[in-house]
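Good morning, colleagues. Please look at the sequence and the structure on the screen, and I shall then take you through a few of its features.

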Amino acid sequence: MINLKHGSLQISLLALALSLSACHDQPTSQTQATQTQTLAQTLEAEDQQAALYDQADSLWYLENERAKRLASSESAQDTLIPSTPMPKREVGDYSFTSPPVPPVSKPGQLLNLPDPGNTARFTVKGLQWPTNVGDLSISMWAKDKIAAFSLTIDDNHVQDHAFWYEMSEQYGWKWTWFLIANQIGWSSADHWGHWQKALDSGHEVQSHGQTHLCDALFYTFREYRQSQVEIERNLANAKVRTLAYPFGINTDKRGSPCEPLTSDRTKNSRAEAAKYFLAVRDVYGALNNPAKIDYLKVPSVSSSRNFLNPQAPWAYFDSVFNPASTNYRTWYVVHYHNLPTEAAKNDVRQVLAHLQEVEAKVWIAPFTQVAQYGQEYATAQMSNIQRTANTVSFQLKDQMNDAWFDQPLTLKMRLPDAWNGSLSVQQNARARPARTVVNEGKVYALFEVVPDRGLVTVAY
Ligand SMILES: [Zn+2]
């Protein structure tokens with residue numbers, strides 16, 4: 001099956017090479033336009049095919065590693081028996097403690113935003129520079145960056161942790177791992193300690209389903225809900241609030257070990273996901289207008305394919321800086337699986353090196369944080385703005401659930417030209433982070449406050 005996929009990929013690469021060489025024959029401009037379009041379509045179709053291959057290959061890898069461990073008699077013991085006894089129920093204890101229930105989504109306290117379809121939630125503009133002293137604006141992304149980027153990793157590939165930690169150390173960025181919960185804790189190759197370390201190091205640990213929709217007896221509700229509960233029970237400080245759809249929202253299992261499992265209850269459900277998660281990641285590109293992000297189907301580019309390719313507008317990273325592009329200022333999400341070769345690791349290094357070059361313009365943060373920010377921003381409003389000679393106070397409110405949405409928004413305020421250098425920001429009488437930036441000779445305060453957390457006062 002996998003070799004077949006490799007084969008079809010090679011054939012389409014060959015077709016691509018042929019169509020590329022055909023482009024050198026000085027065609028008419030119309031033919032050229034058609035060919036460029038065909039080329040883009042071929043490339044995009046190939047990206048989708050490759051994304052499908054990535055996820056199937058990833059599951060086969062896990063399957064093969066497990067088989068190898070079972071076949072090795074020395075490690076069989078280690079594989080099947082946890083090294084420390086699990087906490088057990090006491091004799092005579094017949095109690096049941098219900099896991100914490102997620103809040104119910106309701107107007108003013110939404111768990112996630114509905115699909116905007118083709119209607120923009122707001123107008124996408126460049127960075128804002130409020131005109132008058134004391135004027136305020138809410139930044140589209142944290143730290144007033146142009147765009148946002150999140151790197152995510154699916155399917156519990158513990159063997160790559162050393163590499164991802166090394167990259168994180170080198171650049172100072174944090175990743176998001178989406179876990180298959182029922183794979184964890186059965187062997188020294190993938191146990192909860194690995195994921196506690198990821199959390200303790202500041203990375204995000206979120207859900208990729210209980211069984212990756214690979215168990216005929218399971219059904220979608222428990223795939224989502226049980227994985228959420230299990231990860232939170234097993235890890236200190238875990239907050240599982242986002243999901244990556246196993247096999248993508250369309251549950252495309254082709255080529256994977258789970259392909260024969262086709263019942264409806266082993267398929268993804270957007271409606272179910274909406275009850276338990278504030279955002280859900282898909283497995284395909286393409287990039288989209290940031291005002292039209294569907295937070296229950298966030299596009300993601302598999303293995304950052306075409307990240308550096310201007311011919312691939314659905315995946316070309318620098319299009320987020322181009323005001324003429326529909327990708328302008330958007331949230332770019334990538335996902336990886338296993339990194340089986342040094343070449344695969346070098347591809348990651350190349351992507352990260354490019355991000356470092358443009359980091360001044362990009363907010364690089366874990367998936368859940370950006371999903372929180374984006375939905376808070378899309379519904380945020382300032383009210384009750386009061387100004388004195390050297391203070392501004394106001395309320396910042398959004399439509400999102402306060403228990404789940406605690407990501408600070410970045411706000412900007414124009415300071416006087418003769419600013420005396422003093423600046424303090426308080427929310428509900430507690431100090432908040434603040435700094436200044438200069439644009440065209442004028443000074444602005446940049447500060448971070450959380451929606452619906454009380455009165456904000458800026459003193460200068
Ligand atoms: Zn997966």
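This is a predicted model: local features need pLDDT of at least 70, side-chain atom pairs count only at pLDDT 80 or more; totals for chains, interfaces and linings use all residues.

Val320 is buried, with a relative accessible area of 0%; here buried means under 20% relative accessible area, exposed means over 50%, and partly exposed lies in between, with a 1.4 Å probe and protein chains only. This valine sits in the loop between E7 and E8. Helices (H or I, at least four residues) and strands (E, at least two) are DSSP runs, numbered from the N terminus. Leaving aside residues up to four places away in sequence, Val320 touches Ile146, Ala147, Asn327, Tyr328, Arg329 and Thr330, where contact means heavy atoms within 4.5 Å. From Val320 to Tyr332 there are twelve residues in sequence and 8.2 Å in space, C-alpha to C-alpha.

Residues are numbered from 1 along each chain as its sequence is written, and side-chain values use heavy atoms, with hydrogens and water left out.

The loop between strand E7 (301-302) and strand E8 (331-336) also holds Asn306. Asn306 has a positive phi of about 65° although it is not a glycine, and it is buried, with a relative accessible area of 17%. Lys143 likewise is not a glycine, and has a positive phi of about 60°. Lys143 belongs to the loop between strand E1 (136-138) and E2, and at 40% relative accessibility it counts as partly exposed. As background, most residues other than glycine have a negative phi.

Let me turn to the metal site. Which residues coordinate the zinc ion? They are Asp155 (OD), His208 (NE2) and His212 (NE2), at 2.1 to 2.3 Å. Because Asp155 lies in the loop between strand E2 (147-154) and H4, and His208 in the loop between strand E4 (204-207) and helix H6 (220-234), the pair ties together parts that are 53 residues apart in sequence. The donor spacing in sequence is D-x52-H-x3-H. Donors are N, O and S atoms within 2.8 Å of the metal (3.2 Å for Na, K and Ca); water is not among the atoms, so sites may look incomplete. Both Asp155 and His208 are buried.

Next, a helix pair. Helix H4 (residues 161-171) and helix H8 (residues 342-357) have axes 11 Å apart and pack at an angle of about 20°. H4 is therefore roughly parallel to H8, a term used for angles under 35 degrees. The axes are lines fitted to C-alpha atoms, for helices over the stretch in contact, and angles run from 0 to 180 degrees between N-to-C directions. On the H4 side, Phe163, Trp164, Met167 and Tyr171 meet Lys345, Val348, Arg349, Leu352, Ala353 and Gln356 in H8.

Another buried residue is Ala371, at 0% relative accessibility, in helix H9 (residues 367-379). Ala371 touches Leu278, Ala279, Tyr295, Trp331 and Phe405, not counting residues up to four places away in sequence. Its C-alpha atom is separated by 9.9 Å from that of Leu296, 75 residues apart along the chain.

Finally, the chain as a whole. The protein chain has nine helices and 17 strands, and 49% of its 460 residues count as buried. Among its contacts with a separation of 6 or more, 76% involve residues 24 or more positions apart.

Definitions and conventions:
Angles under 35 degrees count as roughly parallel, over 145 as roughly antiparallel, 65 to 115 as roughly perpendicular and the rest as oblique.
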